[in-house]
Structure formats: C-alpha cells, structure tokens
Amino acid sequence: MTGWRLARAILIWVALALAIGVPIAAAATSEQLAWRGPVYILAGFAGIIALGLVLVQPLLIGGYLAPLSAYRGRRAHHWIGGTLAFAVVIHVAGLWITSPPDMIDALTFSSPTPFSPFGVIAMWAIFIVALLASLRRRLELRPRTWRIIHIPLAIVIVVGSVVHCLLIEGTMETISKVVLCMLVLAVTVKVMIDLQVWRKRRTLRGESGARSAAEGPGLL
C-alpha cells in the first residue's frame, strides 16, 4: 500500500469512527436520558448504532475500507447486515416493551408521529434483505437477480432510515445527527454511481474484446 493510499485509508477509518462515535457520545450526554428507563435507553442507542451500520454497509461493498480485500469486504457486509437486523430487533423490541400502544400504531401505520412510517418501512426492508441473504444459496439467486432485488431495498433502507432519524426529536444531538444522515446518503449515492460505472466499463471491455476476437482473423 502506497503512502497516499495508506493516508487515505486512515482518513476514511477516522472519519467513519467520528461519524458514528460522535452522535453516540452526544446522545449519551443528553438531558432527556434522565427521564428514560434503561430499556428505552437501550432501544434508542440500538437505533443509533443501526444507522451507523447503514453507513458502514455501502463503504464495505464499494471497497473503500482498506485494507479489507473485496472478498473480506463482502463477507463483512454480509455479517454486518445480520448485525444491523439484530440492532433493529432490539430497537423495536425495546420500544414495544416500554410503550406497546405506540408500537402497535406505528406497525399498523396509524401513528400520528410523522417519523413512524419511514422507520417501519425501513425495518421491513432490512428484514427482507436479511432473510433473502440467508436463503440466497438455497433459492439459487444469481448475482444479477440478487442485485435487482437488493439495490431497490437498499435504497428504501437508506432513505427510510435517514428520514426516520431526521424527523425524530430525541436524545440525538442535531448537528451530529444531520451530518451522519447526510453521510449515509452521500456514500450510498457515490457507491451506486461508482459500481454502475464500473459495470459499464466492464461490459464495454467485454464487448470490445469479443469484437476484436471476431475481427482479428479477418485482419490477418
């Protein structure tokens, strides 16, 4: 790894740690925690961690977290996806324990709070992706089919999670929360653009190679 690549990798890791760590630390000092029970606090921090993991996922699949190789990045993406689903379960279960009527309203899309439907939609998208990922081999999903299913659901997860978080006025500090949400959106858009460009280049190289192979004998 060259000096520039090493410095870039360190900066990315430091930025990632700050993007996730600062909102958690700021929430830990919130005055609102004094009026919350331990289960509610656990549920809230599980939600913050889940949003942080949503930021990590595109960084892994895009290969930005050096020195992880592409293979290790994909494996980490798989396991962190499971961790994300588990964090969401803790988040929802904790809120259910502390206030079942509110959770019933949220899950049935009858809650008066504007952030609830976005969180519920993102939750179901996360569960669907986790379930399909665990059954991918059994269902014999090809890479192209998996991308067709996974990418739209990933967009739903990112948008739903970000809007859900931004609309909540809770223990999270505003500025660090907004920065984290904007980073989630920006990184997701960049990764999708980069991967799409990479696939187009690969397709063009494949077509060019096939054309050269077909025309080669004629030139000789």
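Trainee: Let's start with helix 3 (residues 70-98): how far apart are its end C-alpha atoms, and what span should its residues give?

Mentor: Bear in mind that this is a predicted model. Helix 3 has 29 residues, and at 1.5 Å a residue they should span 42 Å. The end C-alpha atoms agree with that expectation, as they are 42 Å apart.

Trainee: Which helices do the buried residues of helix 3 pack against?

Mentor: Buried here means under 20% relative accessible area. In helix 3 that includes G73, H77, G81 and L84, and also A85, A87, V88, H91, V92 and G94. The partners of these buried residues are helix 2 (38-61), helix 4 (100-107), helix 5 (116-134) and helix 7 (143-167).

Trainee: Take helix 2 and helix 3, then: are they roughly parallel or roughly antiparallel?

Mentor: Two packed helices are described by the angle between their axes and the distance between the axes. For helix 2 and helix 3, the axes come within 8 Å and cross at roughly 160 degrees. Angles over 145 degrees count as roughly antiparallel, so helix 2 and helix 3 are roughly antiparallel.

Trainee: Is the crossing of helix 2 and helix 3 left-handed or right-handed?

Mentor: The handedness comes from how one helix is turned relative to the other as they pass. For helix 2 passing helix 3, the crossing is left-handed.

Trainee: Which residues does the cis peptide bond join?

Mentor: Most peptide bonds are trans. Look in the loop between helix 2 and helix 3, where P67 lies. There, with omega at about 10 degrees, the cis bond joins A66 and P67.

Trainee: In the loop between helix 6 (136-139) and helix 7, is E140 buried or exposed?

Mentor: E140 lies in that loop and has a positive phi of about 55 degrees although it is not a glycine. Its relative accessibility is 68%. The cut-off for exposed is over 50%, so E140 is exposed.

Trainee: What is the phi of F109?

Mentor: Most residues other than glycine have a negative phi. F109, in the loop between helix 4 and helix 5, is not a glycine, yet its phi is positive, at about 60 degrees.

Trainee: Which side chains meet in the salt bridge?

Mentor: A search of the whole structure finds 1 salt bridge, with an N to O distance of 3.1 Å. Its two residues are 4 apart in helix 8 (residues 174-219), about one helical turn. Both are partly exposed, K190 at 45% and D194 at 29%. The pair is K190 and D194.

Definitions and conventions: Residues numbered from 1 in each chain as written. Predicted model: local features only at pLDDT ≥ 70, side-chain atom pairs only at ≥ 80, totals over all residues. Heavy atoms only, no water. Salt bridge = Lys/Arg side-chain N within 4 Å of Asp/Glu carboxyl O. Buried < 20%, exposed > 50% of the residue type's maximum accessible area, 1.4 Å probe, protein only. Expected span 1.5 Å × (residues − 1). Contact = heavy atoms within 4.5 Å. Axes fitted to C-alpha atoms, helices over the stretch in contact; angles between N-to-C directions. Parallel < 35°, antiparallel > 145°, perpendicular 65-115°, else oblique.
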